[in-house]
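Okay, thanks for coming, everyone. I'd like to walk you through a couple of spots in this one, so let me put it on the screen.

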Amino acid sequence: MSILSDAIMTDLNAVKLDQPISLYGHVSRYDGQIIECDGFPANIGSICEVKTDNETPAMAEVIGFNNGNNLLSIYDYGARILVGARVSLVDDGAYIPVGEGLLGRVTDALGVPLDNRPLPPLEGQWPLMGKELNPLQRKPVDKPLDVGVRIINSVLSVGQGQRVGIIAGSGVGKSVLLGMMSRFTDADIVVVGMIGERGREVGSFVNYILGSESRDRAAVVAVPADRSPLLRIRGAERATAIAEYFRDKGKNVLLIMDSLTRVAHARREIGLALGEQPTSKGYPPSVVSMIPRLIERSGTGVEGQGSITAIYTVLADGDDANDPVVDTARAILDGHILLSRQQAQMGIYPAIDVTTSVSRVMNDITDADQQASAARFRRLVSLYMENRDLILMGGYTPGQDPDLDLAVELWPTLTKHIQQPEAEKANFAISRDALIGLMRNA
């Protein structure tokens, strides 16, 4: 008996085999999205290969277990899978290859290049789900990050390591604003996650980013809307992992995630398929727990590391700023920028509503003059917008409110400070001085 025990306890790594051990099972149930197969050893997140009735195998990911069987979600819609098809473990999915070779390149959720060129050898590995940092050892957010957009630099200043949400409905200039920030920022590295967006928009945005001077410092992970929900989630995790790797190397990284809402929608699809109970607007509890976990991976690093300044776009469905995803994101982020459809209809681009937007770290990274000027600027814009209908109807009589009189007089100048052509860059110092000069002369 002891001889048998010794044999069982032998270190398998020391056993030399002609063929590696293969872990596999066979399909017992398939509904077009979820596969159930024999329960071979595999962690959640492991990637498997499923034999189909043609020459090309389908890829799937382990998402749970049921009565000793493995549950997998298929990556390839419409895969022709038969009962009894072999399911083989390919990768445990825990680590991804990372390195300088990703800069200037576009990859998908599995790290496959989308620009028809092979990737160079990548020197590092990083856990897909990231590494936890002690919150007490993280460096404070104490330096501004120049994003090249005048109204953000001056009135809604962003700090290195801050997490900001851009909340917007559809068609109000979100993608253009993201493109400006990614091209004009002074961050060392730009990582863009295009998650769940239209294929046409992904292509045009990638060409815009990689066709500029920022090409050699930008890495793009693109997963269009027609891909599997698991690929969309994995794409968001991969983009964040790439940003973490460069932060660990001491770089100041700008991470742009477009969009956080599409990631939440993907998590909702998987959660409901696994039988989770829907809550508000059909979102299961796993969505509410996923958003903070993903966002908390960004931010400042510990001593000796760099920072990840993260910009997450959050879609306000039907311009509803109280959507569950919007609410959850706004509560965990360090600030939010709301894009106004009313301002977009007035031709004010970027359509940033400074009255409802806020940067929670601005007072830590700017001086008193800029803070006072920003507060006055916001008040004048707020006064004008609140009384705009009255002014247009002719019900406004000058002389009753000096602040409103000033807001009406300065409105063309205020809008000029907000507006910025797509190809124009406004650095932080110039933006700050322009704001202070405008308010000083008012």
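Predicted model: local features only at pLDDT ≥ 70, side-chain atom pairs only at ≥ 80, totals over all residues.

Residues are numbered from 1 along each chain as its sequence is written, and side-chain values use heavy atoms, with hydrogens and water left out.

So, helix 3 is residues 174–184 and helix 4 is residues 199–210; helices here are DSSP runs of H or I, at least four residues, and strands are E runs of at least two, numbered from the N terminus. Their axes, helix 3 and helix 4, come within 10 Å and cross at roughly 25°. Angles under 35 degrees count as roughly parallel, so helix 3 and helix 4 are roughly parallel to each other.

Who touches whom? On helix 3, Lys174, Ser175, Leu178, Gly179, Met180, Ser182 and Arg183 meet Glu201, Phe205, Tyr208 and Ile209 of helix 4, contact being heavy atoms within 4.5 Å.

Is helix 3 buried or exposed? Mostly covered: eight of its eleven residues are buried, meaning under 20% relative accessible area with a 1.4 Å probe, protein chains only. The cover over those buried residues includes helix 2, strand 10, strand 11 and helix 4.

Now the loop. Asp334 sits between helix 8 and strand 16, and Asp334 is buried, at 18% relative accessible area. Leaving aside neighbours within four places in sequence, Asp334 contacts Gly161, Gln162, Arg163, Ser359, Arg360 and Val361.

Note on methods:
Axes fitted to C-alpha atoms, helices over the stretch in contact; angles between N-to-C directions. Parallel < 35°, antiparallel > 145°, perpendicular 65-115°, else oblique. Buried < 20%, exposed > 50% of the residue type's maximum accessible area, 1.4 Å probe, protein only.
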